[in-house]
Amino acid sequence: MGTTLAAIIAGVAGQRQARAEHRHWRRQLRRDAYAAFTVKADEVHGALRGIEAELARPAHDLDGLRGALDETRRLVREDLADAQTAVELEGPEELARMAGELTKSLSACAAAIQARTLGREGSDALGANESHRIRRFLNHASNKREQFVSHARKAIDV
(Lines give C-alpha, C1' and ligand atoms only; values in the text may rest on other atoms or scores of the structure.)
Protein backbone atom coordinates (compact mmCIF):
# COMPACT_ATOMS: atom_id res chain seq x y z
CA MET A 1 0.00 0.00 0.00
CA GLY A 2 2.80 2.46 0.91
CA THR A 3 4.67 1.69 -2.29
CA THR A 4 1.56 2.33 -4.37
CA LEU A 5 0.90 5.63 -2.62
CA ALA A 6 4.51 6.70 -3.12
CA ALA A 7 4.28 5.80 -6.82
CA ILE A 8 1.08 7.85 -7.21
CA ILE A 9 2.63 10.85 -5.44
CA ALA A 10 5.76 10.57 -7.59
CA GLY A 11 3.60 10.35 -10.73
CA VAL A 12 1.60 13.45 -9.80
CA ALA A 13 4.78 15.33 -8.94
CA GLY A 14 6.31 14.27 -12.27
CA GLN A 15 3.25 15.52 -14.16
CA ARG A 16 3.41 18.87 -12.37
CA GLN A 17 7.09 19.17 -13.17
CA ALA A 18 6.45 18.32 -16.83
CA ARG A 19 3.66 20.92 -17.06
CA ALA A 20 5.87 23.54 -15.41
CA GLU A 21 8.70 22.80 -17.84
CA HIS A 22 6.28 22.98 -20.78
CA ARG A 23 4.94 26.36 -19.60
CA HIS A 24 8.51 27.64 -19.24
CA TRP A 25 9.39 26.35 -22.73
CA ARG A 26 6.28 28.02 -24.25
CA ARG A 27 7.05 31.30 -22.46
CA GLN A 28 10.59 31.20 -23.85
CA LEU A 29 9.31 30.55 -27.38
CA ARG A 30 6.95 33.49 -27.08
CA ARG A 31 9.65 35.76 -25.67
CA ASP A 32 11.96 34.87 -28.54
CA ALA A 33 9.22 35.47 -31.13
CA TYR A 34 8.23 38.81 -29.59
CA ALA A 35 11.84 39.94 -29.32
CA ALA A 36 12.67 38.97 -32.91
CA PHE A 37 9.59 40.81 -34.18
CA THR A 38 10.41 43.93 -32.15
CA VAL A 39 14.02 43.96 -33.36
CA LYS A 40 12.92 43.70 -37.02
CA ALA A 41 10.26 46.39 -36.53
CA ASP A 42 12.88 48.67 -34.97
CA GLU A 43 15.23 48.00 -37.89
CA VAL A 44 12.53 48.97 -40.40
CA HIS A 45 11.50 52.03 -38.36
CA GLY A 46 15.10 53.21 -38.09
CA ALA A 47 15.63 52.81 -41.83
CA LEU A 48 12.45 54.74 -42.61
CA ARG A 49 13.39 57.49 -40.16
CA GLY A 50 16.80 57.76 -41.82
CA ILE A 51 15.27 57.93 -45.30
CA GLU A 52 12.82 60.61 -44.18
CA ALA A 53 15.62 62.66 -42.61
CA GLU A 54 17.70 62.40 -45.77
CA LEU A 55 14.73 63.41 -47.95
CA ALA A 56 14.33 66.52 -45.80
CA ARG A 57 17.86 67.63 -46.73
CA PRO A 58 18.31 69.67 -49.89
CA ALA A 59 20.45 68.09 -52.60
CA HIS A 60 19.92 64.53 -51.39
CA ASP A 61 20.78 61.48 -53.48
CA LEU A 62 17.34 60.45 -54.74
CA ASP A 63 18.60 57.29 -56.47
CA GLY A 64 20.41 56.19 -53.31
CA LEU A 65 17.31 56.85 -51.24
CA ARG A 66 15.18 54.85 -53.66
CA GLY A 67 17.59 51.93 -53.25
CA ALA A 68 17.43 52.25 -49.46
CA LEU A 69 13.65 52.39 -49.63
CA ASP A 70 13.54 49.28 -51.83
CA GLU A 71 15.71 47.44 -49.29
CA THR A 72 13.48 48.65 -46.44
CA ARG A 73 10.35 47.48 -48.24
CA ARG A 74 12.04 44.10 -48.75
CA LEU A 75 12.69 43.99 -45.01
CA VAL A 76 8.99 44.57 -44.38
CA ARG A 77 7.85 41.95 -46.91
CA GLU A 78 10.33 39.27 -45.91
CA ASP A 79 12.09 39.65 -42.54
CA LEU A 80 9.37 41.49 -40.64
CA ALA A 81 6.67 39.29 -42.18
CA ASP A 82 8.56 36.17 -41.06
CA ALA A 83 8.91 37.53 -37.53
CA GLN A 84 5.21 38.47 -37.54
CA THR A 85 4.32 34.91 -38.52
CA ALA A 86 6.18 33.60 -35.47
CA VAL A 87 4.15 35.95 -33.25
CA GLU A 88 0.95 34.80 -34.95
CA LEU A 89 1.87 31.16 -34.29
CA GLU A 90 2.88 31.70 -30.67
CA GLY A 91 -0.04 34.00 -29.85
CA PRO A 92 -2.02 35.07 -28.07
CA GLU A 93 -4.45 36.45 -30.62
CA GLU A 94 -4.28 40.00 -29.27
CA LEU A 95 -0.50 40.15 -29.77
CA ALA A 96 -0.80 38.65 -33.24
CA ARG A 97 -3.28 41.40 -34.12
CA MET A 98 -1.00 44.07 -32.68
CA ALA A 99 1.98 42.73 -34.63
CA GLY A 100 -0.12 42.95 -37.79
CA GLU A 101 -1.06 46.54 -37.00
CA LEU A 102 2.57 47.51 -36.48
CA THR A 103 3.59 45.84 -39.74
CA LYS A 104 0.78 47.66 -41.59
CA SER A 105 1.81 50.95 -40.05
CA LEU A 106 5.44 50.52 -41.14
CA SER A 107 4.34 49.42 -44.59
CA ALA A 108 2.08 52.48 -44.91
CA CYS A 109 5.00 54.72 -43.95
CA ALA A 110 7.18 53.10 -46.63
CA ALA A 111 4.36 53.59 -49.15
CA ALA A 112 4.05 57.26 -48.19
CA ILE A 113 7.77 57.77 -48.70
CA GLN A 114 7.66 55.92 -51.99
CA ALA A 115 4.76 58.10 -53.14
CA ARG A 116 6.92 61.13 -52.32
CA THR A 117 9.81 59.86 -54.45
CA LEU A 118 7.81 58.31 -57.31
CA GLY A 119 8.35 60.08 -60.60
CA ARG A 120 10.64 62.69 -59.07
CA GLU A 121 13.75 63.77 -60.83
CA GLY A 122 15.11 66.52 -58.63
CA SER A 123 16.69 66.42 -55.25
CA ASP A 124 14.75 69.19 -53.55
CA ALA A 125 13.92 68.75 -49.88
CA LEU A 126 10.60 67.52 -48.58
CA GLY A 127 8.02 70.22 -48.09
CA ALA A 128 6.83 70.87 -44.54
CA ASN A 129 3.50 69.13 -45.16
CA GLU A 130 5.13 66.08 -46.75
CA SER A 131 7.65 65.77 -43.96
CA HIS A 132 4.94 66.18 -41.32
CA ARG A 133 2.81 63.49 -42.97
CA ILE A 134 5.69 60.99 -43.01
CA ARG A 135 6.57 61.81 -39.38
CA ARG A 136 2.96 61.14 -38.41
CA PHE A 137 3.30 57.67 -39.96
CA LEU A 138 6.56 57.14 -38.07
CA ASN A 139 5.00 58.30 -34.79
CA HIS A 140 2.01 56.03 -35.34
CA ALA A 141 4.36 53.08 -35.83
CA SER A 142 6.24 54.04 -32.65
CA ASN A 143 2.99 54.06 -30.71
CA LYS A 144 2.03 50.65 -32.14
CA ARG A 145 5.44 49.31 -31.13
CA GLU A 146 5.06 50.54 -27.56
CA GLN A 147 1.62 48.93 -27.31
CA PHE A 148 3.00 45.65 -28.67
CA VAL A 149 5.92 45.61 -26.22
CA SER A 150 3.67 46.44 -23.27
CA HIS A 151 1.30 43.59 -24.10
CA ALA A 152 4.18 41.23 -24.86
CA ARG A 153 5.61 41.83 -21.39
CA LYS A 154 2.28 40.93 -19.84
CA ALA A 155 1.93 37.83 -22.02
CA ILE A 156 5.28 36.38 -20.99
CA ASP A 157 4.84 37.23 -17.30
CA VAL A 158 1.71 35.08 -17.10
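The side chain of serine 131 makes a polar contact with the side chain of arginine 135, at 2.5 Å. A second polar contact, of 2.8 Å, ties the side chain of serine 131 to that of glutamate 52. A polar contact here is a pair of N or O atoms within 3.5 Å; within protein, one must be able to donate a hydrogen and the other to accept it, and residues adjacent in sequence count only if both atoms are side-chain atoms. Serine 131 sits in helix H4 (residues 128-157). Serine 131 counts as buried because its relative accessibility is 5%. The cut-offs are under 20% relative accessible area for buried and over 50% for exposed, with partly exposed in between (1.4 Å probe, protein chains only).

The model is predicted: local features need pLDDT of at least 70, side-chain atom pairs count only at pLDDT 80 or more, and totals for chains, interfaces and linings use all residues. Residues are numbered from 1 along each chain as its sequence is written, and side-chain values use heavy atoms, with hydrogens and water left out.

**Overall build**

The protein has 4 helices and 0 strands. Its pattern along the sequence is α-α-α-α. Helices (H or I, at least four residues) and strands (E, at least two) are DSSP runs, numbered from the N terminus. Of the 158 residues, 32% are buried. Among contacts with a separation of 6 or more, 83% involve residues 24 or more positions apart. Contact means heavy atoms within 4.5 Å.

Mean pLDDT is 87, and 82% of the residues score at least 70. pLDDT is the predictor's confidence in each residue, from 0 to 100. Among the elements, the mean is lowest in H1 (83) and highest in helix H2 (residues 62-90), at 94.

**Core and aromatic residues**

The largest nonpolar core holds 32 residues, of which Tyr34, Leu48 and Phe148 touch the most other members. H1, H2, helix H3 (93-117) and H4 each give two or more residues to this core. Such a core is a set of buried Ala, Val, Leu, Ile, Met, Phe, Trp, Tyr and Cys residues joined through side-chain atoms within 4.5 Å.

Rings of Phe, Tyr and Trp (its six-membered ring) pair if their centres lie within 6.5 Å; planes under 30 degrees apart are stacked, over 60 edge-to-face, the rest tilted. The count is 2 aromatic pairs. Tyrosine 34 and phenylalanine 148 form an edge-to-face pair, 6.0 Å centre to centre with 85° between the planes. The pair links distant parts of the chain, with tyrosine 34 in helix H1 (residues 2-56) and phenylalanine 148 in H4, 114 residues apart. Both are buried. Tyr34, Phe37 and Phe148 form one aromatic cluster. Beyond four places in sequence, phenylalanine 148 also contacts residues including Val87, Leu95 and Met98.

**Two further sites**

Histidine 45 lies in helix H1. Its side chain reaches the backbone oxygen of leucine 138 at 3.0 Å. Leaving out residues up to four places away, histidine 45 touches Leu106, Leu138, Ala141 and Ser142. Glutamate 88 belongs to helix H2. Its C-alpha atom is 8.7 Å from that of glycine 100, 12 residues along the chain.

| Residue | Relative accessible area | Class |
|---|---|---|
| Serine 131 | 5% | buried |
| Histidine 45 | 12% | buried |
| Glutamate 88 | 42% | partly exposed |
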